[in-house]
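Visitor: I would like a close look at the aromatic ring pairs. Please take one pair at a time, then show me what surrounds them.

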Amino acid sequence: MCRSQIQVQLWSNGLSAADRHGVLPDLGFSSLPAVPGPTAVLSWSDIWTLGMILITVVRFSVFGTRMRLTLMRRYLSIYSCLILLRSLCIITTLLPNPFTSCTFTFAHNPWVEALLVMSLYERTCADVLFSGHTVDLTMCALVWYYYSRLSPLPCDPTLSWQWWQQLFALFFAGFGFFLLVATHLHYTVDVVIAFVLTMLLWHLYHLHLQLLRCRCTYRLHRVAGLLWWLELGAEDLPAPSTEHESRWDNAVLDI
């Protein structure tokens, strides 16, 4: 995806200043108060999103008592699909960046620049549709909402704090969406589309997990075999029974 961001940035640099900074009309921009960032190139949305990612990682990798590896596999599987889709979107249609204070200086070859962007050393200014920040916020909120029960805190074995954890995640993500529009880092449509796509892909993946649990109604095909291979050893999935073991082994081999 970072390589796609660099390619789009190169195209944007070839446009006139009017074409690059002609911000499109947006209902969110006209309805919400503008929130300036701490610096010209850093937005409060960046800080808020990074903070939620770090808190989520600490909560479920350090303080989570179970399902660490299973949750990581599921998160990365869904996230990689969304990032691939985002890379296709940003490279097909170039939209003017509403974050007008953003600047980008091309100093290396595209692959080096992509590595610098991936390491957060630099940022691009032309990857608008759809919002990667919204994907991060939504994914983290979904992890908190659905897995705080499956991966309880050591100090809360009775899950008495589960409701508060879910409420915290919803508030944190919701305020992050507000900041994305209020800081003009993304158009409102970028946030809406990213949110809808993340929700759809998350629930589609977990719907397949539900079908894996009741294997009798799930037609074996390549996607089923891939998911079964990814989910081997998952704590919330039943181990293969003798009756179905050979069928599922064949499904895994038929990827």
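Guide: Start with Tyr146. Its relative accessible area is 34%, so Tyr146 is partly exposed (buried is under 20%, exposed over 50%, partly exposed in between, with a 1.4 Å probe and protein chains only). This is a predicted model: local features need pLDDT of at least 70, side-chain atom pairs count only at pLDDT 80 or more, and totals for chains, interfaces and linings use all residues. Residues are numbered from 1 along each chain as its sequence is written, and side-chain values use heavy atoms, leaving out hydrogens and water.

Now the pairs. Rings of Phe, Tyr and Trp (its six-membered ring) pair if their centres lie within 6.5 Å; planes under 30 degrees apart are stacked, over 60 edge-to-face, the rest tilted. The count is 14 aromatic pairs. Tyr146 and Trp202 make a tilted one, with centres 6.1 Å apart and planes at 35 degrees. Tyr146 sits in helix α7 and Trp202 in helix α9 (residues 188-213), so this pair ties together parts 56 residues apart in sequence. Helices here are DSSP runs (H or I, at least four residues; strands are E, at least two), numbered from the N terminus. Trp202 is buried, because its relative accessibility is 2%.

Next, Phe177 and Phe195. Their centres are 5.8 Å apart and their planes stand at 75 degrees, so the pair is edge-to-face. Phe177 belongs to helix α8 and Phe195 to helix α9, so the pair ties together parts 18 residues apart in sequence. Phe177 is buried at 19%. Phe195 is partly exposed at 33%.

There is also a cluster. Trp48, Phe60, Trp144, Phe168, Phe171, Phe172, Phe175 and Phe178 form one aromatic cluster. Phe60 is also one of the buried residues of helix α4, along with Ser45, Asp46, Thr49, Met52, Thr56 and Arg59. Helix α4 (residues 44-62) has 19 residues. It reaches 26 Å from first C-alpha to last, close to the 27 Å expected at 1.5 Å a residue (the expected span is 1.5 Å times one less than the number of residues). Cover for its buried residues includes α5 (68-92), α7 (132-147) and α8, where contact means heavy atoms within 4.5 Å.

Helix α8 (residues 162-182) also holds Trp164. Trp164 is exposed, because its relative accessibility is 55%.

Last, the whole chain. It has eleven helices and zero strands. Of its 255 residues, 43% are buried.
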